[in-house]
Amino acid sequence: MRADTLLELADVDREFDVSRPWLNRLLEGEPRRSLRAVDGVSFSIRRGETLALVGESGCGKSTVARMIVGLYAPSRGRIVFEGADLADPASAPLRRRMQMIFQDPYASLNPRWRVRDIVAEPIVAHGMAPDAHALAARVAELLTQVGLAPEDGGKFPHEFSGGQRQRISIARALSSNPEFLVCDEPTSALDVSVQAQILNLMKDLQQRLGLTYLFISHNLAVVAHVATRVGVMYLGRLVEVADAKDLFERPRHPYTRMLIDAIPDIEMSGRPRTPVAGEVPSPLAPPSGCAFNPRCPHANDRCRAERPASHALPGGRSVACHAVEEDRIPDL
Amino acid sequence: MAEPLLSVRNLRVEFPTRHGTLIAVDDLSFDIAPGEILGVVGESGAGKSLTGMAIIGLLEPPGRIAAGEIRLEGERIDALPAEAMRRIRGKRIGAIFQDPLTSLNPLFTIGEQLVETILTHLDMSERQARDRAIELLAEVGIPAPELRIDNYPHHFSGGMRQRVVIALALCARPRLIVADEPTTALDVSIQAQIIELLRKLARENGAAVMLITHDMGVIAETADRVAVMYAGRLAEIGPVKEVIHAPHHPYTSGLMSSIPKLGEGRETLAQIDGAMPRLTAIPPGCAFNPRCPKRFDRCTAERPSPLPAGTTEAACWLYAR
């Protein structure tokens, strides 16, 4: 493990039980069924960087985020934060050093609470303010930090626009002085001009407070803008991890190439686009071998039979693909 | 320019409420030619979906068209009785909505839904209608349509369902297709397939398409011309290349530079401070003036109409002569 590693996932799985009710199983003789939403995912996040996880809906990126903050327990594997296994009850105090920002600023704020109470809750829960006066001062400071006015604390969430609500979510997340923020699609529900405000705010806060981000998004252009490193997920598996610049300039995994190719071309450069074939298979019945093989132009018998392990490439990149490993896909 | 297929003039959509009348769409005019795709963009609340709803005659009461006219192939359709409008909808105007799951009835097979729609609008036997339905499914790219036609909507994935919705909208070969955020609920890889399909339909059938979306990338790839809306009003309209690369309205320029793009190493994104005004508090003069970096006296006093600005038209006093 590198010295600057803040968080590490080692071979993490998460299964969900999607069996029919007990009586149906008994009468119809059906077995239990489980869905493996996250399948053998390993990566690490370095202090001060932004690691982005991208992928299409159902690829397991949000499940990874929820496991890290402890909303789900992993079925297998270890999540290590600052050298301590988060499954160990003794590491509970570490939890206050990580916070989460959710996608929907309309659903993630309690409509019956005033903004100052929403922002103060984590401070109170962790017993971090000595008295009411200090608490009020801290809440005012947090609201100012995210570009709101201290007087806004007396209002209710419905009095704010979507972008301002996301600022409130960020103020709440920052209130317990975390060093690690898990951001699950933080700008997907916002309009573009507001999205730019929030992305700029997040970058600014990262520099001022030395934050580390795990940034989950399906929007590759946003990811290219914010990420230091990028992990690409497909059907619960991590298929490629690389520095953001390398990944977008020279994608190696065929799925990464397909994703980057599919981004609508706003520059209208007339760059040729490879038509994307097929859709993501059902995670209840993932294909054998490499999960991407039914859609992959480079798939051969080995890809259909044997699941590729992640292997390291120069430049800190890792790719899980037989074709890349065997040099069947030329580097760009 | 050929006779426009759809012509909207000075359209105004109002919502009477207890606290006064809200003007959701105000003095909006544009045309769409046959075979042309007009993109309509704007942030949420800009009035783009309501404009689409007004055109297909599905404004939810108490919303109503308060002024202006809408002409389809020269014929006024904004004041038609509900029954006459119902016959036009589906036959001459097809509609595609954002969420493919709620646009389909879960209790009927897609074949039943397609055949019903075809029989409503076209004079054919049930047998012929079924053949036509299979043909349509093939046209929108559903593999093995003769088998899939007897499936229920839940048997299809999101992208396939959106194809079924498009097939439904195409049943009677409408002249105008109003597509409201057709790709927003879909993943990028599927989105590209649907965009290609819409483009092909406009090209091959000569249908006019009004494509409503907040995604400039989709507009850049699909539309011929684009209309930018702000607070219920038209901010700028023109050929897609000019509006994206050389916008004239300060709002359009702000919007374009706030979009993150691949392959540019900017540290911070350009941002427009503030947010779009609520309908209850639209400022006097130009609606964009409180956020505009180029504001001057006239902007706060007088409302600009679209003025020629290079190859586009922009509702901005900078272009007044």
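In this predicted model, B:Ile37, B:Gly39 and B:Val41 point one way from strand β3 of chain B, whereas B:Leu38 and B:Val40 point the other way, and all are buried. Strand β3(B) covers residues 37-41, and because five of its five residues are buried, the strand is largely enclosed by the rest of the structure. A residue counts here as buried when 20 or more other C-beta atoms lie within 10 Å of its own.

Strand β3(B) has parallel pairings with β8(B) and with β9(B). Four bridges join β3(B) to β8(B), which comprises residues 208-212; within this pairing, B:Leu38 has B:Met210 as its bridge partner. Four bridges also join β3(B) to β9(B), residues 225-230, and there B:Val40 stands opposite B:Ala227.

Chain A contains an open sheet of four strands in the order β2-β1-β4-β5, with antiparallel pairing. Strands β2 (34-46) and β5 (84-85) of chain A stand at the edges; each has a single partner strand, so one side of each is left without a neighbour in the sheet. A:Val80 lies opposite A:Asp85 of β5(A).

| Strand | Partner | Bridges | Direction |
|---|---|---|---|
| β3(B) | β8(B), residues 208-212 | Four bridges | parallel |
| β3(B) | β9(B), residues 225-230 | Four bridges | parallel |

Key
Residues are numbered from 1 along each chain as its sequence is written. Chains are lettered from A and ligands numbered from 1 in the order in which they are written. This is a predicted model: local features need pLDDT of at least 70, side-chain atom pairs count only at pLDDT 80 or more; totals for chains, interfaces and linings use all residues. Two strands pair if DSSP finds at least two bridges between them. Helices (H or I, at least four residues) and strands (E, at least two) are DSSP runs, numbered from the N terminus. A residue is buried if 20 or more other C-beta atoms lie within 10 Å of its own, exposed if 12 or fewer, and partly exposed in between; C-beta atoms are placed from the backbone.
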